[in-house]
Amino acid sequence: MSIILKVAIPAPLRKALDYLPPASQLDCLPIPGVRLKVPFGSKSKIGVLLEVKTESKLAPSRLRQALEYLDREPLLGPADLALLRWVARYYHHPVGEVCASALPTLLRQSKPARSQTPIQLRLTPSGQTATLPPSAKRQAALLSLLRQHDGKVTVSDLTELGWNWRPVAKALAAKGWIQIEQAPSWAVIPPCPFALNPAQRQAIATVTAEQHRFGVYLLEGVTGSGKTEVYLGIIEKTLQLGRQALVLLPEIALTPQLQTRFLKRLACPVGVYHSGLSENERLAAWLGFQRGELPVLLGTRSAVFIPMAKPGLIVVDEEHDPSFKQQEGFRFSARDVAVARALQLGIPIVLGSATPALESLYNASQGRYVHLHLPERAGGAQAPTLKLVDIRGARLQAGLAPAVLEAIRITLERREQVLLFLNRRGFAPVLTCYDCGWVAGCPHCAARLCLHRRDRRLCCHHCGHQRPLFTHCPTCGAKDLHALGRGTERLEDELADLFPYVRVARLDRDATRRRGSLEQLIEAIRAREVDILLGTQILAKGHHFPEVTLTVVVEADAGLYSTDFRAPERMAQLIMQVAGRCGRGTKPGQVLIQTRHPNHPLLTALLQGGYSAFATQALKERRQADLPPYSHQALLRAEAHAPDLPECFLGQAAHLARELAHEHVQVLGPAPSPVPRRAGRYRAQLLFQSPRRPPLHRLLARLLPALDDLPHKRRVRWSLDVDPVTLD
Ligand code: ADP
Ligand code: ZN
Ligand code: ZN
């Protein structure tokens, strides 16, 4: 009987590949979840062993031998592998690439799965004098290592042994000769500094009553309503059961803040995992969680795949945030994968937000999620009042209506802070010549160049192309070029003219690019060294600015009339999130929203009934138009250097799809993408839509392999996006 190893290799392959066991390690037992080095073409690659079989479809002569096992113990357990295989099927993405994304970079290379963790071993008094029979070689070696190191060794000392010391340490600990010290204090929990309110207690009780079972809990609570305290309460219970909690956040910038808060309240190690860490730090956090040494882990998107030794709870904070969806390569939604993972592990998952995604609200209304509410701000802070400011015909200065300027003035006189939200960075989105009508465009994209005056550059926000400013019009030579529209840089300048002695802080991607600069700005705002905060959607992310009492939404209209059907949802979320930054201290807050469409039904719903009234209205519109969550979508994108190729390729794909789709799957398109040329490539897309998921996935599973046989295949780059969050 032969042994066949099914190995998932990071390459654009639909299937795992079959290999024979490595010749040099024939005595090793192959366990799924270990890494393997295998030959691939003329090179070698690191893959993950998915399965061990006794037969292969390949002829024995065509099977190659794997080169070596890289791990003795599996890095990924059976549950992890099952999840990754499910995810690969769901997103129709190569299983090897999916497996690779579950590993930190160092483990994707051939680095050993070792890291420094806070564990240490200590020799007990009885261990000092203990003697062992000659057969217990490893135990003796470990004891003598401890004696050489003054009775105390760390993990890095232990790795020098070159073998798996963990079971040996356990055996010695069982004899009482050594102690394994790994922050065992996590049963001792400092008391919560204040009494939770009834809604918070109710939310915690509901989840913890079903702690051993799968359940999705949608925790909807306005900003400042104490959601984080609810997470902490549920995590406490999870830790008491000796289980781990994984907390997913949309943003790196939020992790230090939350980590500090968790550390204060949990008295146990709280790890973080995100792209801002060094590779070694990421490896340590990954292994710490995988081994169960780290009870709590805060992480961004990719942390959703980290194995849990003792799974107990998953929390997704700000679950509505589009950053949970990866927008390139392996386009997964960390929130949706987290729900699938909780189901598979049989543990509760809490999705928290002040402005839940319409999909989540719909799932709650269908009884699939338990809907928990925190209706009021905690600690007595009042909800801010929202008001529309009709700017039709108004004499604007700096794009601001007289009533808004007056409100800013009054707020500044009271020595309180003002927040201005303008979701466009740069100085101006358009640079044009009035004499001949020339407009600065990106040479590589069907898009305009945005003026960034601070850097004296024109930048393309689609491909990153940059160039120096024009000194005159390149077509007619006119000297005066005009900047149209307004971004945060321009508003910053205009504010300096209008309020000369006022300190303005600009928070956008350009101003916060340097590492640590966002933290500095936030510190300055908290320390009251700033009077006006001006920024893009960075301001909408979970920060707490207690002295802000006036928030101005400079432009609300862009989201109302966009070609993207999700734009109104996004706009409403941003408005409510920036509104939530305001009046969180003891003083009440006011939110002014400038619009030219004061009677728009979605805006009036938002103003009169808050986010939930908006959501009801928006869901009604989605249902009428058969849009998600009332249907399910997948988007096939194609791009090529030749102008007609993407649409031609997708036209053939559409033809195939219509032949294959017996059931209710609509095939819409092909059509040019909203940005029809980007970074020198022409782009088109084909949309699949179905009222039910299974027929859609059946179609995709049959269609994708057939795309490889289409004539233009080699000249077109295509990618599939299941549950796209943007149709761009
Ligand atoms: P959210 O996560 O919903 O924005 P937080 O959990 O951050 O809200 O709570 C907002 C503020 O209110 C925090 O400073 C928190 O310490 C405080 N807080 C939360 N719950 C209570 C409570 N029951 N009593 C008093 N203060 C509370
Ligand atoms: Zn000109
Ligand atoms: Zn460009």
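At roughly what angle do the axes of helix 1 and helix 12 cross?

**Setting up.** I am working on a predicted model, where local features need pLDDT of at least 70, side-chain atom pairs count only at pLDDT 80 or more, and totals for chains, interfaces and linings use all residues. Residues are numbered from 1 along each chain as its sequence is written, chains are lettered from A and ligands numbered from 1 in the order in which they are written, and side-chain values use heavy atoms, with hydrogens and water left out.

**Helix 1 and helix 12.** I began with helix 1 (residues 78–90) and helix 12 (residues 334–345), whose axes come within 10 Å and cross at roughly 140°. Axes here are lines fitted to C-alpha atoms, for helices over the stretch in contact, with angles from 0 to 180 degrees between N-to-C directions. Helices are DSSP runs of H or I with at least four residues, strands are runs of E with at least two, and both are numbered from the N terminus. That angle makes helix 1 oblique to helix 12; under 35 degrees counts as roughly parallel, over 145 as roughly antiparallel, 65 to 115 as roughly perpendicular and the rest as oblique. Helix 1 brings A79, D80, A82, L83, W86 and V87 to the contact, and helix 12 brings V337, A340, R341, Q344 and L345 (contact means heavy atoms within 4.5 Å). I sorted this contact into eight nonpolar, one polar and two charged residues. Nonpolar covers Ala, Val, Leu, Ile, Met, Phe, Trp, Tyr, Cys and Pro, charged covers Asp, Glu, Lys and Arg, and the others, Gly among them, are polar.

**Helix 13 and helix 18.** Next I looked up helix 13 (residues 358–365), whose axis comes within 10 Å of that of helix 18 and crosses it at roughly 90°. The two are therefore roughly perpendicular to each other. L358, L361 and Y362 of helix 13 meet Y611, A615, A618, L619 and R622 of helix 18. I found seven nonpolar residues, no polar and one charged in this contact.

**Helix 8 and helix 9.** The axes of helix 8 (residues 198–208) and helix 9 (residues 227–240) come within 9 Å, crossing at roughly 35°. On the helix 8 side I noted Q200, A203, I204, V207 and T208, facing E229, V230, G233, I234 and K237 of helix 9.

**The zinc ions.** Which residues hold the zinc ion (ligand 2)? Its protein donors are C433, C436, C473 and C476, each through SG, at 2.3 to 2.4 Å. Donors are N, O and S atoms within 2.8 Å of the metal (3.2 Å for Na, K and Ca), and water is not among the atoms, so sites may look incomplete. The spacing of these donor residues in sequence is C-x2-C-x36-C-x2-C.

For the zinc ion (ligand 3), I found the SG atoms of C442, C445, C460 and C463 at 2.2 to 2.3 Å. C442 sits in the loop between strand 19 (430–433) and strand 20 (450–452) and C460 in the loop between strand 21 (457–459) and strand 22 (466–468), so the pair ties together parts 18 residues apart in sequence.

Most residues other than glycine have a negative phi, and most peptide bonds are trans. A398, not a glycine, has a positive phi of about 55°; I placed A398 in the loop between strand 17 (385–390) and helix 14 (402–413). The P628 to P629 peptide bond is cis, with omega near 10°, and P629 is in the loop between helix 18 (601–624) and strand 28 (632–640). Another cis peptide bond joins G669 and P670, with omega about 5°; P670 belongs to strand 29 (residues 666–678).
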